[in-house]
Amino acid sequence: MVHSSYETVDLLDFTHESRYKFLTGSVVPRPIALVTSQNDEGVLNAAPFSQFVILSVTPPLLGIVAQTLPRGYKDTVHNVLRSGQFVINVVSDEMADQVQRCALEYPSTVSEVDEVGFSTLPSVTVLPRRISESPLQFECRLHEHHEFGAPDSRTTLLVGEVVLVHCAQGVREGHRVNHDVLRPLGRIAGRSYCRTQDTLTT
Ligand SMILES: Cc1cc2nc3c(=O)[nH]c(=O)nc-3n(C[C@H](O)[C@H](O)[C@H](O)COP(=O)(O)O)c2cc1C
């Protein structure tokens, strides 16, 4: 289909909220990193991030972007900047409801993992545990971080170097990933998600 008519949009005409909705509604679908991190007291935090990207292959670097709240950093950013360690748990479609509930505001003394009923396994190279409902997990060490944005709308890019990967039975076929087993969940907007069973080949 060739489009013959377009309207132009100046993103600066929107409020911050509307700009966020427009950008995240346009860059779709997005994969979801369910990040586990740990605070000084050992509470395991879990939070989903769909601003999630491969930044480099060698070394393997993954990035997540977190908005800063009026009260300051989200728990994930706070924990990762202090400990330098986190796990990116890839999200499959059957985890959707629990992942959505992980995004509710809990005090940093409460583990989202316990609240939503995920189970965990120990990691090998980092302290935060990994989610055993997740079919694939990346153990990461903080490589670097960057701050972006205007003073009242800061974002933080956390760059993790992948130090070890765990693949559930059947997910890995040599260097390839079996997506029928992985069943990745995509975020569209708000509470709207998509599955990846309806694929096409060119
Ligand atoms: C599917 C999904 C994706 C999300 N992606 C992001 C994101 O990329 N960046 C962000 O700052 N918040 C994102 N959020 C909101 C955070 O998960 C939410 O603010 C969470 O409470 C942060 O937890 P924390 O304070 O324990 O780190 C997302 C929420 C959902 C449900």
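Helices (H or I, at least four residues) and strands (E, at least two) are DSSP runs, numbered from the N terminus. The views show a predicted model, in which local features need pLDDT of at least 70 and side-chain atom pairs count only at pLDDT 80 or more, whereas totals for chains, interfaces and linings use all residues. Residues are numbered from 1 along each chain as its sequence is written, and side-chain values use heavy atoms, with hydrogens and water left out.

**View 1. Phe-14 and a nonpolar surface patch.** Phe-14 lies in the segment that precedes helix H1 (16–26). With Val-9 and Phe-22, Phe-14 makes a nonpolar surface patch of about 230 Å². Patches consist of residues with over 30% relative accessible area and no salt bridge, nonpolar side chains (Val, Leu, Ile, Met, Phe, Trp, Tyr) being joined within 5 Å and like charges within 9 Å. Areas come from the Shrake-Rupley method with a 1.4 Å probe, and for residues only the protein chains shown count as cover.

**View 2. The Arg-82 to Asp-40 salt bridge.** A salt bridge (a side-chain nitrogen of Lys or Arg within 4 Å of a carboxyl oxygen of Asp or Glu) joins Arg-82 and Asp-40 at 2.7 Å, N to O. Arg-82 belongs to helix H2 and Asp-40 to the loop between strand E2 (33–38) and E3, 42 residues apart. Arg-82 is exposed, at 57% relative accessible area, and Asp-40 is exposed at 54%; the classes are buried (under 20%), exposed (over 50%) and partly exposed in between, with a 1.4 Å probe and protein chains only.

**View 3. Asp-93 and Arg-195.** The side chains of Asp-93 and Arg-195 form a salt bridge of 3.5 Å, N to O. Because Asp-93 sits in the loop between strand E6 (85–90) and H3 and Arg-195 in the segment after strand E14 (192–194), the pair ties together parts 102 residues apart in sequence. Asp-93 is buried, with a relative accessible area of 9%, while Arg-195 is exposed at 59%. Arg-183 is linked with Asp-93 and Arg-195 in a network of salt bridges.

View 4. Asp-97 pairs with Arg-101, their closest N and O atoms being 3.4 Å apart. Both residues lie in helix H3, 4 residues apart, about one turn of the helix. Arg-101 counts as partly exposed, at 31% relative accessibility.
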